[in-house]
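Please look at the sequence and the 3D structure shown here, and keep both at hand while reading the report.

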Amino acid sequence: LKLLEQGDGEALARSCQGKASALNHRPALPGVPLLLAAATQDAADLIRILLDAKADVNVMDANGATAISVAARRGATSALRELLQAGAEVNRPRASGATPIYVAAQAGTKECLALLLEASGDPNAPKEGGFTPACVACLTNRPACLALLLRAGADANRASMIADCFTPLHVAAHFGHTALIEALLNAGALVGVRDAQGRTAR
């Protein structure tokens, strides 16, 4: 881990030889697998070294997060490209159900979100409770991310199973995010859909 933090690629490559099992060790918190640490730093060259040394591209931390989930949250586009090219599972969720696309939409890392969608990521894959990437983009006021999701086929009328069964339009209207409301309406969001309390987004 110290070599990775120092960015010493040659020394890291030497130390990784024949140590695939150690590279893919899933430690208890607060430790993380080396591949996830490299993704946090957006260190594509170090990721390549770790993968060449047989690191598992889908190795998880104690919360079920993979390296592409970490890269999506941090906006680490170089790392994300390297991981996707190596075959990382684009729709693998964390323990909470949040996929990398959900994480990117929540964090507002639109470049990472675009890469994930281009790699056939599911724009409708929900977190636990049915809260979708479009819902979380509305919750966190991410208009650029919502636009990407809608263009990729996100369902503007899909209701969650929590938060009073809100649709993305309910969420955007609740917080007064007018740009998001307009985008959802243009994408076919239905104003008359009622939540669990019988309320529309009006």
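## About the model

This is a predicted model, in which local features need pLDDT of at least 70 and side-chain atom pairs count only at pLDDT 80 or more, while totals for chains, interfaces and linings use all residues. Residues are numbered from 1 along each chain as its sequence is written, and side-chain values use heavy atoms, with hydrogens and water left out.

## Helices α5 and α7

Two packed helices are described by the angle between their axes and the distance between the axes. For helix α5 (residues 44–52) and helix α7 (residues 77–85), the axes come within 8 Å and cross at roughly 25°. Because angles under 35 degrees count as roughly parallel, α5 is roughly parallel to α7.

In α5, Ala44, Ile47 and Arg48 meet Ser78, Ala79, Glu82 and Leu83 of α7, where contact means heavy atoms within 4.5 Å. The residues of this contact divide into 4 nonpolar, 1 polar and 2 charged; Ala, Val, Leu, Ile, Met, Phe, Trp, Tyr, Cys and Pro count as nonpolar, Asp, Glu, Lys and Arg as charged, and the others, Gly among them, as polar.

Phe175 lies in helix α12 (residues 168–175), and at 43% relative accessibility it counts as partly exposed, that is, between buried (under 20% relative accessible area) and exposed (over 50%), with a 1.4 Å probe and protein chains only. Phe175 and Cys138 are 37 residues apart in sequence, and their C-alpha atoms are 8.5 Å apart in space.

Asp195, in the segment after α13 (178–186), counts as buried at 7% relative accessibility. Leaving aside neighbours within four places in sequence, Asp195 is in contact with Asp164, Cys165, Phe166 and His170.

Note on methods. Axes are lines fitted to C-alpha atoms, for helices over the stretch in contact, and angles run from 0 to 180 degrees between N-to-C directions. Helices (H or I, at least four residues) and strands (E, at least two) are DSSP runs, numbered from the N terminus. Angles under 35 degrees count as roughly parallel, over 145 as roughly antiparallel, 65 to 115 as roughly perpendicular and the rest as oblique.
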